[in-house]
Structure formats: structure tokens, C-alpha cells
Amino acid sequence: MSDPLLTYLLRLGDDSLILAQRLGELVSHQPDLEEDIAVANLALDLIGQARALYAYAGEVEGRGRTEDDLAFLRDEREFFNAVLCEQPNGDFGQTMARQLLFDAYRLPLMDALTASADETISGVAGKAVKECRYHLQHSITWVVRLGDGTEESHRRMQAGLDAMWRFTDELFTGDEVEATLAASGIAVDPSSLRDPWEATIKEVLARATLERPVDPRQRGGGRQGMHSEHLGHILPEMQFLQRAYPGQSW
Amino acid sequence: MVSAPTLADARDALDTVHDPEVPVLTINDLGILRDVAVEDGAVTVTITPTYSGCPAMDHIKGRIEETLRGVGFADVNVKTVLSPAWTTDWMTEEGKRKLEEFGIASPRPTTVTLRLPIRCPHCGSKDTSEVSRFGSTACKALYRCNACLEPFDHFKEI
């Protein structure tokens, strides 16, 4: 097994980068100007978090790879984001469902990591936790507004939630990487995030008059580099410049 | 002979470095200038980002280096630290005053749980409403005054 710390940093960073790339696709395609600005801001925060995590991952690895190398020169199987983050934007309901499910997980995760025994991780988390709190408030606002809105917005919000639900178990499933690092106080056992996540989701769905989906067809694998078909389509666009013009900078 | 630049020279020079996204504020007003140290003629400046993805950090770093070289420091190091995380509570009173004058509602203290209404920086009315939770930069939200009807930015508390 490779260095668990390196793998853990990539899991955290890849969630941020891949979701940011998805959100970036929406800039100028959102229902209104304010939402265009919102997705750009969400993506920017996530990219900032990814940069700090990748820079540290490069140091931990000790092979001289930079944050850019890690973002632009790894292939699909070397990305360890949860498959939820790579799911298509769909309609606005699906985008917001994905965002709520992610934010409600990421906030308690970053909150717990502020107490990490690793100083760099706790530093990144200390900044990220404030950003995640704001992101979650934003996604809750929309899910409640759409769920408790018109018949059409309710139907689409529920459909988005139903479509994204099968990618949620993976968020709370750890392996020996988290187990090893949690034992030394560096990482958080993902299963411990299930309760705070469930509490947020339960409260939001009640306010939004939405049904909690039940979907036994849970799909994970992202944490081990086994992705859905979508990541393979995200990377060529995201990595095009460095693949076509290696080492290019401006 | 020109004497070697001192810590006071460095601090004075840094008071001319502004945030490119909120140009009315210096990096000291904003509270992102965490430390300045001079040792054996070398100056080390420590800064912290407002948000993880703040795109202004590279620019600010370059401006600090340029400015300090300009006052005679040959050896300039700029360090970026994430911890402790920046908070709007570190903004100086002078900074808040400049923001209001510039037409941006200043951040309220994060330590007070009772949230005061956001005052319009144009007419002073407390009858304002949020238009967008996100604004033209990561640190701002967009508001509108219900009294004078002018839109304005609010520097959000974190």
C-alpha cells in the first residue's frame, strides 16, 4: 500500500477539485446571474482547498510533484474522489441535491479535521470549515426553496435527490487508509460523519417537504480509483492544456 | 552612505501595499499581514489568505517583494500561513471606516451572536436586504438598500 497520508490527502483534494470542475461547467449557464456568481465562488473555495492539499501531498510524496502535476497529469485511476463529486450537473435540482449531500458531509469532516494531529491538515481545515458552513447554508436555501416550491420544482428537486442518493454511502465508508491515520489522530473515521450528516439531511428534507430516498443500489469505488464513466469525460477537458502543451504556464 | 533599512521602514513600505480586489484597503487594514521581521538585513513577511482560493494572493506576494526591494531590502521572503485562519475580526477599525467610505458595508464582529442589521453605506438606513449570498469577490455578498434603493457590497463576516 502506498503512503496512507498521501492517499488521504488526494482523497480530500480530489473531492474538492472534481466537484469544483463540475461547478465551473455551470458558470454562465445558471438560472440567474446571482447563481452564476455563486457557483464560481463555490468552485473557487474548493480549488483553493485542493491547492493546499495537493501542495502538501507533493511534499509528503517527496518526488517533486507540484499541485499542478497532481491536478493535471494524473489519469482516471489515480484520482480518489468520491463518485458523487463527478456526477453530471443535470438540471438545477440535481446540481443542488449533489451540493447539499456533499456540503452536509464536508462540513462535519472539516470541522473534525481542525483537531487533526497533522498541523497542515488542521490549518487547511480551519479555513475550509468556514467556507463549507457558508456553502451548506446556500445549498439548504435552494433545496428548501425548490422542494417547498411549485409542483414542478418539487418534482425536480425530489428527482435530483433520488438520482444522487446512491452515491452517498461511499462518503461514510473508510478503509485501511483512514483507519491507520485515524488511530494516530490525523484523519477522521468517515463512519463517524454519518450521524451529523443524517441529522442535517433529515431537518432539511422535512423543511423542503421532500422524501428521504431509499436506494439499495449504492455505488462507490471512487476512493480506490474505480470511477463511474463520468470522470473519464471530465479529465480531458480539465487537463487539455497540460496534455497538449506540457509544462505550459502563464 | 545609505543606512540599512529597518523594521520601521519595512512596516511603512507595507502600508502602501493594497488588496487588488478591495483597493481601498491595505493588507494591514485587511488583517492579512500577520508578521514582519528583519534579521541580518533580510526581511520576512508573513501573510494569510482571506479565503482558501483567494486569487489575489500571488499578486499581493509580488507587490510585497517589489515594494520592499524598492526601499532597499535585497533579501525578501514572503511566507503564507493558513493557521490560525483569517477572520474579519482582524480587520482594523481604520479599514472598516475606509470600506464604509468606499461604499462597502463593513463586516460585523463574529464574536457577537446577536446579529445587528446591515447598514446601507450610502444613506445609513438599516432597512436593507440580501440580493445574493455571493458577490464580485469571495469576501463579499450583494445587498440592496430598501430606503435609498442603491445596491451595495457587504464584506461578509467569517
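Predicted model: local features only at pLDDT ≥ 70, side-chain atom pairs only at ≥ 80, totals over all residues.
Residues are numbered from 1 along each chain as its sequence is written, chains are lettered from A and ligands numbered from 1 in the order written, and side-chain values use heavy atoms, with hydrogens and water left out.

In chain B, the loop between strand 3 (75–80) and helix 4 (93–102) holds B:Pro84.

A:Ser28 has phi near 80° and sits in the chain A loop between helix 1 (4–25) and helix 2 (33–61). B:Asp40 has phi near 50°, in the chain B loop between strand 1 (33–39) and strand 2 (42–47). Are they buried or exposed? Buried means under 20% relative accessible area, exposed over 50%, and partly exposed in between, with a 1.4 Å probe and protein chains only. A:Ser28 is exposed at 55%, and B:Asp40 is exposed at 80%.

Now the pockets. A pocket is an open set of points on a 1 Å grid over the protein atoms alone, where a 1.4 Å probe fits, with protein on both sides within 12 Å along at least five of seven lines; lining residues have an atom within 4 Å of a point. A volume is the space filled by probe spheres set on the points.

The largest pocket holds about 1600 Å³. Its lining has 46 residues, and those nearest its centre are A:Arg51, A:Ala52, A:Glu67, A:Asp68 and B:Asp58. Helix 2 of chain A gives the largest share, eleven residues. Other elements supplying at least two residues each include helix 6 (119–147) of chain A and helix 3 (57–70) of chain B.

The second largest pocket holds about 380 Å³. Of its 16 lining residues, A:Tyr134, A:Gln137, B:Arg115, B:Glu157 and B:Ile158 lie nearest the centre.

Last, composition. Ala, Val, Leu, Ile, Met, Phe, Trp, Tyr, Cys and Pro count as nonpolar, Asp, Glu, Lys and Arg as charged, and the others, Gly among them, as polar. The largest pocket's lining has 22 nonpolar, 15 polar and nine charged residues. For the second largest pocket, the lining has five nonpolar, three polar and eight charged.

Conventions:
Helix = DSSP H or I, 4+ residues; strand = E, 2+ residues; numbered from the N terminus.
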